[in-house]
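Welcome! Open your viewer, and let's walk through this model one selection at a time.

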Amino acid sequence: GFFLVLPLVASSTNFVGETPYATPASSVLGTVIFLIGGWASILEGLNLKRGAEMTVTEAMTVEVIDMTEIHQKADTRKQPRIQTTSNIEASSSTEHLTAPIATSTPNAVANEIATSQPALVGSSTFIWWPSWHQFFSTYRYDLIFLAGIIQEIGAIVFAIATITSVPGVIDFTNTLLVSISNLFPAAFGGFLFLVASVLQIIDAQEKRWKPRIGTLYWHVGVWNAIGSLGFLVAGALPFVQSEGATFQGKLANFWGSWAFLIGSLLQWYCV
């Protein structure tokens with residue numbers, strides 16, 4: 001973003017090789033990171049709810065067993081069983097080996113809130129790709145997984161624009177070729193990023209129409225959406241073929257990159 005904008009607003013900062021080397025090199029590096037991030041988003045959607053469940057009863061945290069296909073053939077979760085002290089004393093040793101134990105007072109009031117924990121790399125519940133049964137029964141309805149898929153497709157499309165922006169790859173005097181192989185993939189990739197970000201925002205909300213400003217993950221989606229909009233505008237404005245539109249397009253790339261950086265830092269903090 002800096003390499004695109006600074007030559008236009010501060011020519012004194014120009015250096016030899018900035019346009020032919022520094023700009024495309026940083027663009028290629030950023031696109032590679034986007035591709036890796038898109039794949040990581042898919043893994044997040046696959047494993048976000050496959051780990052252990054934590055059940056809170058009267059401010060006490062109880063850990064239950066992981067969800068695996070061995071213990072559970074279908075990809076649906078069963079409600080964890082909370083045992084009281086009297087139940088534990090009556091349980092056999094075999095039951096102790098196969099069921100989680102939750103210590104609570106005999107008179108505890110049942111006020112349970114179950115939340116799923118992510119499956120970590122290396123655990124028995126972590127998966128790299130869903131089976132057809134898992135996809136059709138669960139993941140095709142999961143907004144985070146769908147957002148990751150769309151994000152990765154957007155990164156692949158955006159990579160086409162990155163490759164064709166490298167000097168010598170295409171003839172930049174051919175307006176039609178530039179529009180098809182460079183500007184359109186940049187704009188469409190930004191559009192797919194925007195769709196993925198909107199899905200993130202919706203997933204973070206209790207109700208799809210009601211913003212959840214108090215949730216940090218909601219702000220991650222908003223900043224990613226702003227960055228996606230910047231990339232979309234950066235690819236679309238040059239179609240106008242005016243000096244002012246081209247300048248605003250480069251500015252959009254700049255503030256869009258900053259928005260993605262803010263969203264990334266917030267997401268890093270969430271993790």
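## The whole chain

Show the surface to begin: the accessible surface of the protein chain comes to about 16000 Å², and 67% of that belongs to carbon and sulfur atoms (Shrake-Rupley method, 1.4 Å probe). This is a predicted model, where local features need pLDDT of at least 70 and side-chain atom pairs count only at pLDDT 80 or more, while totals for chains, interfaces and linings use all residues. Residues are numbered from 1 along each chain as its sequence is written, and side-chain values use heavy atoms, leaving out hydrogens and water.

Now switch to cartoon: the protein chain has 9 helices and 3 strands (DSSP runs, H or I of at least four residues for helices and E of at least two for strands, numbered from the N terminus).

## Helices α7 and α8

Select residues 175–204 (α7) and 216–236 (α8): their axes, lines fitted to C-alpha atoms over the stretch in contact, come within 7 Å and cross at roughly 165 degrees. That makes α7 roughly antiparallel to α8 (an angle over 145 degrees, on a scale from 0 to 180 between N-to-C directions).

Show side chains next. The contact (heavy atoms within 4.5 Å) includes F191 and L194 of α7 and W218 and F231 of α8. Its residues divide into 16 nonpolar, 7 polar and no charged (Ala, Val, Leu, Ile, Met, Phe, Trp, Tyr, Cys and Pro are nonpolar; Asp, Glu, Lys and Arg charged; the others, Gly among them, polar).

Terms used. Parallel < 35°, antiparallel > 145°, perpendicular 65-115°, else oblique.
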